[in-house]
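Good morning. I will talk through one structure, starting with a pair of helices and ending with some disulfides.

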Amino acid sequence: MRVVLAASLVLGAMSFGTGCRGRNLAAGLAGTPAVEGQARCGVTKSQARPLIIEWPSPERATLEGLVERGSGLVAVRYEGCEMELVRRCQVAGAYRYTAVEPKRDDQMFRSADELYAKIPIGAAQLEAELERHGALALEMTVVGHYEAAREQVTRAELRGECERATHVVSMVTVGAFKLSTAGGAEVSAGARVAGGPGVGAGSSAERGFERSDGEPGRCSYSGGGDSAPPERCGALLRLEVEPIREPDEVKAERERRPCPRGSVLVEGGRFRPVTVREGMVAIADFCLDQDEVSVGAYAACADDGPCSDAPTTVQAEDLTPKARAAHSQLCNGGRRVRGKHPVNCVTWHQAEAYCRHRGGRLPTEHEWEWAARGGDQERSYPWGEEEPGPRLANACGRECARHFEDTHGEAWPSLFDANDGAVGTAKVGSYARGAGRGRVNDLAGNVWEWTASPEITYRTELDERAGETVVGVRPDTGNRVVRGGGFLSEEVKELQSGARALRNLKERRADLGFRCAFDP
């Protein structure tokens, strides 16, 4: 559940105790502050979606710039009613702006309790104005939100100087507001403050009080396609932050959410996959089958009805009639004696339907690669750095080469000269030495594996504000990414953790199967 906290932004140096790392650092700070004058902040009882209209203009401009820049999520240290930007802490992610039809929200504050409940940031300063004038009126117009695509962040994902960070900003609501003396008191025009467009302030017992930012008349709506707020209507109104999850907290949660039988938990993190030129990709925790789906397991699904029978022939445009006949002999679907071998010769839709029947899904190619690399261990091969051999993976060894030499009547290349024990597929889990982290078997060799990811073409485009940028485009080719190499692999690179290829989702190949992933 998203936690919403109120805070005032402090950019200067601050001295805080680091506390213990045995539990969520944010929770350790979330007691009622001991600092004099902040006792009413009541952090543990913070109201959902608190107003933050009392931020000073320079700090507001700084946060606006960080959110709009798209270079990562904003990390902060939260304590009491104060928040400090942790600028040198890098958090993978970005904010996306969503426009809404302008909405008015008028409120009246007649007591200090109401101020601390709804405007905890700067409430101590506003309390004096409230006492002087009797009541304060808020006129607010909301035009949109900057929202992070992800909410939860673990400490293991942070990079840089992040020791002081306790939260990340997960949403910023923007628009325009005016906070002023209630009852129509005469108010000064105020003065423009550097770093805050349209900000005005003025106060005296005679003149009344006003605090404002943005111009409601500028808060237009053009149908939801805007990528930023209208000019002069982008004032920060509300702030939501999510506590950074500490290692012990994550571990305890993982223990409460076991994976389905036959699968293991792959702890999330962030890395740069082979397909990404710049930046990092964040991976959430997920469960992954230890073994490729077997003939017996798939046949049980077909017998029950949800799955169609595994084909006994191959189909691919790049295979000649002679090759189709030879490869079809290696399909396992109609051979129940091969029940412990991986099911092969299945289409992408058949693989996806089987996983869905089990309550899971096909893994994305980035999830698959993260698992093959051993997560943050960045392994070159699922088992480590040792070059592929017949005891590590089922690839095209000498027995494979001889089979196809006899079949095709021509020389056939092999990955290694030794015999790995299988012309076609091998029983799942036969190469224990080649298992990946968490004892996940056959991430290299045996059969390539379908993933959920469609083909993506990367191109460079010119953005007037950001310069050149790399954009991913999904062409309508019907292709899906496959990973991991198979028993026909004759090159070392096909068994590397980043190895990938494209296959049409209707193809059926003897060296292509799958395994399932699950959300814990």
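Helix α6 (residues 295-304) packs against helix α8 (residues 348-357) at an angle of about 80°, and their axes are 11 Å apart. That makes α6 roughly perpendicular to α8, a label used for angles of 65 to 115 degrees. Axes here are lines fitted to C-alpha atoms, for helices over the stretch in contact, and angles run from 0 to 180 degrees between N-to-C directions. Helices (H or I, at least four residues) and strands (E, at least two) are DSSP runs, numbered from the N terminus.

A word on the source: this is a predicted model, where local features need pLDDT of at least 70, side-chain atom pairs count only at pLDDT 80 or more, and totals for chains, interfaces and linings use all residues. Residues are numbered from 1 along each chain as its sequence is written, and side-chain values use heavy atoms, with hydrogens and water left out.

Which residues of α6 and α8 meet? A297, Y298 and C301 in α6 meet Q350, Y354 and H357 in α8, where contact means heavy atoms within 4.5 Å.

Next, the sheet. Three strands form an open sheet in the order β12-β15-β22, with antiparallel pairing; two strands pair if DSSP finds at least two bridges between them. β12 (263-266) and β22 (517-518) are at the edges with a single partner strand each, so one side of each has no neighbour in the sheet. Strand β15 (residues 286-289) is joined to β22 by 2 bridges, and C287 has F518 in β22 as its bridge partner. Helix α9 (residues 365-372) packs on the sheet and touches β12 and β15, its direction making about 75° with that of β15.

C287 also takes us to the disulfides. A disulfide is counted when two cysteine sulfur atoms lie within 2.5 Å, and the count by this rule is 7. One of them joins C259 to C287, S to S 2.0 Å. This pair links distant parts of the chain, 28 residues apart: C259 is in the loop between α5 (247-256) and β12, C287 in strand β15. C287 is buried, with a relative accessible area of 0%; buried means under 20%.

What does C355 bond to? C355 and C516 form a disulfide. With -85° about the S-S bond, that link is left-handed.

Note on methods:
Angles under 35 degrees count as roughly parallel, over 145 as roughly antiparallel, 65 to 115 as roughly perpendicular and the rest as oblique. Buried means under 20% relative accessible area, exposed over 50%, partly exposed in between (1.4 Å probe, protein chains only).
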